[in-house]
Amino acid sequence: MRGKKQDQAQLFFVIDVESRIRKDHPLRGLKRRIDGILARMDAAFSRAYSRTGRPSVPPERLLKALLLMALYSIRSERQLIERIDTDLLFRWFLDLSPEDSVFDATVFTHNRVRLDEHGITGEFFTAVLNQAAEQGLCSAVHFSVDGTMMESFTSIKRL
């Protein structure tokens, strides 16, 4: 029997995001490791952010978003935000629920200076690299580069 398209949208949804992510997805293990690194950096976050004023996007979320940007070769922060807005996997990794609104791309611009002044970005990515090296996930033999991210000044005429 042929199914019919539902014309009326459902008003409420119950989604268990955890069950939508494959049990063997590589981001599962990475998320556990990254959350551990970020938990150890809590004192650095407290020093960089004031106790008063308007709450900002959690720096943990910004750093995890930058890691996703690097892992998935996303070219700009605007594209990253668009992907976070539409991708349940990214929302899960960033601890955003499906109904949460996504922060604006300018949040990176506003917080980049603060994170760099306190050495937080460097500390985070160094910790990620060190942990990967300790667990044998890095190789000194093989090196690969995503060529789509490189600007090239060659042309057929130069050959």
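**Exercise 1. Is phenylalanine 108 buried or exposed?**

Solution. Phenylalanine 108 has a relative accessible area of 3%. Buried means under 20% relative accessible area, exposed over 50%, and partly exposed in between, using a 1.4 Å probe and protein chains only. Phenylalanine 108 is therefore buried.

A word on the model before we go on: it is predicted, so local features need pLDDT of at least 70, side-chain atom pairs count only at pLDDT 80 or more, and totals for chains, interfaces and linings use all residues. Residues are numbered from 1 along each chain as its sequence is written, and side-chain values use heavy atoms, leaving out hydrogens and water.

**Exercise 2. Find how phenylalanine 103 and phenylalanine 108 are arranged as an aromatic pair.**

Solution. Start with the rule: rings of Phe, Tyr and Trp (its six-membered ring) pair if their centres lie within 6.5 Å; planes under 30 degrees apart are stacked, over 60 edge-to-face, the rest tilted. The whole structure holds 3 aromatic pairs. In the pair of phenylalanine 103 and phenylalanine 108, the centres are 5.7 Å apart and the planes make 70 degrees, giving edge-to-face. Phenylalanine 103 is also buried, at 9% relative accessibility.

**Exercise 3. Where is histidine 25 found, and what is it in contact with?**

Solution. Next, check accessibility: 15% makes histidine 25 buried. Finally, leave aside neighbours within four places in sequence: histidine 25 is in contact with Tyr72 and Leu89, where contact means heavy atoms within 4.5 Å.
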